[in-house]
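User: Could you take a close look at the side chains here, starting with the rings? Please keep it friendly, as I'm new to this.

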Amino acid sequence: MLFMKHVVFILMFFCCSQQSYSQEKFTVNGYIKDSLSGETLIGANLSVKSIDKGVTTNQYGFFSLTVAKGTYNVIVSFIGYANKEFDLKLEGNKTIDIELLPKNFIVETVTVVGRKRENNVKNAQMGKVELSMETAKALPAFLGEVDILKTLQLMPGVRNAGEGNAGFYVRGGGPDQNLILLDDAVVYNTGHLFGFFSIFNSDAIKNVSLIKGGMPAQYGGRLSSVVDVNMKEGNLNKMQIDAGIGLIASRFSIQAPIKKDKASFILSARRTYIDALAKPFIKKSSDFYGSGYYFYDVNAKVNYKVSEKDRIYLSGYFGKDVFAFRNKSRSFNTDIPWGNATATFRWNHIFNKKLFANTSLVYNDYNFSFSAKQNDFFIKLSSGIRDLNVKSDFDWYTSPEHKIKFGALFTYHSFLPNILTAEQGSTTFSPNNANRKYANEYALYIQDDWEIGKKVQLNYGLRYSSFQQVGAYKNFTTDANGNKLDSTIYQSGQTVKLYGGMEPRATLRYSINETSSVKAAITRNLQYIHLVSNAGSTLPTDLWVPSTLRVKPQVSWQYAVGYFRNFKNNMFETSVELYYKKMRNQIEYKEGYTPSLKDPEEEFTFGKGWSYGSEFFVNKVKGRMTGWIGYTLSYTWRKFAEINGGNKYPGKFDRRHDMSIVSTYSLSTKWKLSGIFVYGTGNAVTLPERFYLVNGVLTQEYSSINKYRLAPYHRLDLSAIYTPVHKRKRKYTDNWVFSFYNVYSRQNPYFIYFDQEGGALNGDLRVTAKQVSLFPIIPSVTWNVKL
């Protein structure tokens, strides 16, 4: 009832804000597409300069604009495409599809834009980054593998989780506080090779957007950011093949029409082959024969235009990592497989020229397993999470001044905590610790993007979410020593605990002039699912847990304000953003935690956190040389009653200074050069300060939590892309990518350990701190081909 009162208030506020016009009005709607592939373009701009009105396509390339009867000059633009300008005579409602030509297929006299560049100052949205795949592919890549998550880590306010790691932290939040979506499916583990590569295959990706401030009401369930990734739909006009061969992995992608202009598909696959290359060199007699590692992932998507008003999409992602270690001399084997699987069915329906809807059915499954065998003893540990989700979203283009978006979602969660089983000979050890947890998650939202006037734009909305832990579940009552005294049994579907709350969101833009504006945002977020880790990075061993009787939802308020300005006819985009975020019900393991057969909840402790900082960004978007400089000054703190004596301490995500310099230079039609330099304050760590001998055993006394810092992290990467111009016309185009990771071979610290030399009895015992670094300079070469 409370949510409905808020919705009624927003609708009344919206209706009262409508202006009455005596002129007759009509609506033009349709899709904006790539003229070569037929792919719809997300975020393309259609503007009518004479009345200073415009609209941006939604997630499916759809637009709708209502204006008075008349003839208008219309300009359509999108990143990396030629502008399209035409006259539109509007004497009635009209449906048109607009096609734009990619810049790679145009003559030099045609104007090409990055995007509607004044969006930096005109749009009310704060902290949003639109990443083009062309930009990501032009930058140096670790071992030649293009990685969109590592590219996003180069933006201010986004920091990496460590050397080579795909995990990332946004504005002082943990890795679990980022909502990562692939075609509406939540991705719970984004890393291959223990986090060194992300799961996203660049050949299959169409669009990537990051929102780190002013999260719109349509998104929820996380505190810090949203990374929304959309897969390509498949070429509607002709068959297209993309392939690449690198040092450690190869990839292959095929897309083609099933029925021209009606249906198409894309199938993309990638696999490492370190195991296959090494296998011939390992003799069968070797102790380590059978050891190896590989990962693979497959992206697939089919779309079908049922009618002018209906389209359906079916997409899926399937990825797996397999690590195996064999040691015959010690009769020891271990296997660690883990992986994600997602499937999404989406139905687009146009109710009328102003109302667009999408309904999605989503399945996703994440599983991790660890098994080891020595002689006749076998042990296995497994965990995972599985979701079934249904959601509907509506875009209602009521007028040029208002775009309403509203929707609802329901998710059924099934959590599999750490389950341990073991065998020795004929004896099976299977403790009763398979305490599965189940939950229902609900959300309703409504938001309005309101252009109040030329100077003021307001995006405001309200989200109501709730989380219901349900049975089957058994809750134990314990004494001070953890001994079980009694239990309460909840039947299947019975409510165990219910949480919920309002999440208001608002962002405001005030235009100072045509080239500068001031923006402000305030958001409240609730998070019901938590990643509990005993390490500083996202590893497959980290455990996802729901909000329960013991575990409360995380809550955050974020406040942000920024100044945005463009220079030299939008050649340079600049911004300064300040933010403050406070968080409640943060989760950590208790001090001294060691894994056990207990329910992990019994080892949790709860506290609060807060972060604040400033972000500076300069982005050159035109000319032969493009790129950006980003700098972040930030502070992140945590405070737990049961950790560090109840005193505040720097969070493991705290990094005082963080800077990225990124540049791409088009040397000629054949050569494109790029470089990346990154610098960051060293990670906060807890180290032993004193060593004692107690009964001949060396004992450590540790400092307060995160009292020390590792050495600063910095690195330079360079790359060159060579596109040969063949004398004879060929059916394919190709290029060579030469990359150098860590050019000056900086030995960045990965972790510190203490080495013991000598002995106490001899009086020459020495304890020395030693640094472990992962990567020196790493050259790589990749050959890409497109047919």
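**Rings, charges and cores**

Analyst: R271 lies over the face of Y294, 4.2 Å from the ring centre. That counts as a charge over a ring when CZ of Arg or NZ of Lys is within 6 Å of the ring centre and within 35 degrees of the ring normal. Keep in mind that this is a predicted model, where local features need pLDDT of at least 70 and side-chain atom pairs count only at pLDDT 80 or more, while totals for chains, interfaces and linings use all residues. Numbering starts from 1 along each chain as its sequence is written, and side-chain values use heavy atoms, leaving out hydrogens and water.

K648 does something of this kind too: its charged end sits over the ring of W637, at 4.1 Å from the centre.

Rings also meet rings. There are 28 aromatic pairs, meaning rings of Phe, Tyr and Trp (its six-membered ring) with centres within 6.5 Å. One aromatic cluster brings together Y31, Y60, F62, Y313, F356 and Y397.

Now for the nonpolar cores, sets of buried Ala, Val, Leu, Ile, Met, Phe, Trp, Tyr and Cys residues joined through side-chain atoms within 4.5 Å, with buried being under 20% relative accessible area (1.4 Å probe, protein chains only). The largest has 57 residues, and F200, V208 and V227 touch the most other members. Setting aside residues up to four places away in sequence, F200 touches V146, I148, L149, I180, L182, V187, I205, V229 and R270, where contact means heavy atoms within 4.5 Å. Another core lies apart from the largest one, with 28 residues, including L41, A44, L88 and I350. In soluble globular proteins, nonpolar side chains tend to be buried together.

Notes. Rings of Phe, Tyr and Trp (its six-membered ring) pair if their centres lie within 6.5 Å; planes under 30 degrees apart count as stacked, over 60 as edge-to-face and the rest as tilted. Buried means under 20% relative accessible area, exposed over 50%, partly exposed in between (1.4 Å probe, protein chains only).
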